Amino acid sequence: ADLCNNAVLDGLDGFLAVLDMRGLTDKERQLCYFYIGRCYQLTGCSANAVQNYQRARELGMDNPYLLLFQARSMTDSGAYEDAKLVYDQLLLLQRPEFSCIRTDLGMLYLRQHDGASAMHWFEDSIARGENVAFAYGGCALACLLLHQPEQSQKFYEQAVTNRMADLEGFREYYAELRDAVEHPLAG
C-alpha cells in the first residue's frame with residue numbers, strides 16, 4: 001500500500017522486511033525483488049534497482065515491464081551496453097504498449113553524446129507514430145549535439161506543438177544542453 005500511495009521509502013522498507021521472512025517461495029521472492037528494484041528506481045538509486053531487477057530475473061521472473069525498468073535503470077547508471085541488450089529483447093517483443101522503446105534507445109545514445117545514433121532512434125519513433133512529441137524533443141536534443149541549431153529549433157517547435165509531457169523539464173534540459181554545446185569547457 002505504501003508504494004501505491006507514493007510512500008516509496010516506506011514501501012521499500014516493507015518489501016525488504018518481507019524478503020527477510022522465512023519460507024518465501026521463489027515467486028514471492030521474485031515479486032519482492034521486482035518491487036524493491038522499483039522502489040530504488042523511483043528514488044534514483046539506479047544501480048540498486050538494476051541489482052534487484054536482475055535477482056528477480058534470475059529467480060525466473062519473465063515480465064516485459066521488468067525488462068523495461070531494468071533497461072532504464074541500466075541507462076541511468078551508465079551501463080549502456082547492458083541496457084542496449086535488454087532494449088533489443090524488448091524490441092523483439094513488439095508490444096504496442098511499449099511505444100517508448102525507440103525513444104528510450106534515443107535517450108541511451110544521447111546520454112553517450114552520440115547524436116547520430118540518437119537521431120536514428122528518434123526519427124524511427126516518429127516514422128512509426130510512437131511517442132511522437134517526446135521523439136521530436138529527442139531530435140531537437142540530438143541536433144544540438146550534431147551542431148545543427150536551426151534544425152534543432154524546428155524539432156523543438158514540433159515537440160512543443162505536439163504537447164510534449166513535462167514541457168518545463170524539457171525546456172530546462174534543452175537550454176542546459178544548448179549552453180553546454182555552445183560553450184564547452186576548455187579541456
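Ser 152 is buried, at 0% relative accessibility, where buried means under 20% relative accessible area, exposed means over 50% and partly exposed lies in between, with a 1.4 Å probe and protein chains only. Ser 152 belongs to helix α9; helices here are DSSP runs of H or I with at least four residues, strands are runs of E with at least two, and both are numbered from the N terminus. Leaving out residues up to four places away in sequence, Ser 152 touches Ala 140, Cys 143, Leu 144 and Tyr 174, a contact being heavy atoms within 4.5 Å.

The model is a predicted one, in which local features need pLDDT of at least 70 and side-chain atom pairs count only at pLDDT 80 or more, while totals for chains, interfaces and linings use all residues. Residues are numbered from 1 along each chain as its sequence is written, and side-chain values use heavy atoms, with hydrogens and water left out.

Tyr 136, in helix α8, is also worth a look. Its relative accessible area of 16% makes Tyr 136 buried. Not counting residues up to four places away in sequence, Tyr 136 touches Ile 126, Phe 155, Gln 158, Ala 159 and Asn 162. With Asn 162, the C-alpha separation is 8.5 Å across 26 residues of chain.

Turning to the chain as a whole, the secondary structure consists of 10 helices and zero strands, so the order from the N terminus reads α-α-α-α-α-α-α-α-α-α. The C-alpha trace spans about 60 × 35 × 35 Å along its principal axes. Of the 187 residues, 42% count as buried. Among contacts with a separation of 6 or more, 47% join residues 24 or more positions apart.

As for charge, the chain carries 16 positive and 26 negative side chains, with the centres of the two sets 5 Å apart. Lys and Arg count as positive and Asp and Glu as negative, with His and the chain ends not counted. Each charge is placed at NZ of Lys, CZ of Arg, CG of Asp or CD of Glu.

Helix α1, residues 8-19, has 12 residues and reaches 16 Å from its first C-alpha to its last, close to the 16 Å expected at 1.5 Å a residue; the expected span is 1.5 Å times one less than the number of residues. Val 8, Gly 11, Leu 12 and Leu 19 are the buried residues of α1. They lie on the same side of α1 because they cover an arc of only 100° around the axis, the arc being that of the directions from the helix axis to the C-beta atoms. An α-helix has 3.6 residues a turn, so residues three or four places apart point the same way. The buried residues of α1 pack against α2 (26-42).

Helix α7, residues 115-128, has 14 residues and a reach of 20 Å from its first C-alpha to its last, close to the 20 Å expected at 1.5 Å a residue. Its buried residues are Gly 115, Ala 118, Met 119, Trp 121, Phe 122, Asp 124 and Ser 125. The cover over them includes α5 (80-93), α6 (101-111), α8 (132-145) and α9 (149-161). After α7 comes Gly 129, with a positive phi near 70°.

Most residues other than glycine have a negative phi. Asn 131, though not a glycine, has a positive phi of about 50°. Asn 131 sits in the loop between α7 and α8 and, at 29% relative accessibility, is partly exposed. Beyond its neighbours within four places in sequence, Asn 131 is in contact with Ser 99, Cys 100, Thr 103 and Ser 125. Asn 131 and Ser 99 are 32 residues apart in sequence, with 5.9 Å from C-alpha to C-alpha. Asp 166, another residue other than glycine, has a positive phi near 50°. Asp 166 is found in the loop between α9 and α10 (167-182) and is exposed, with a relative accessible area of 57%.
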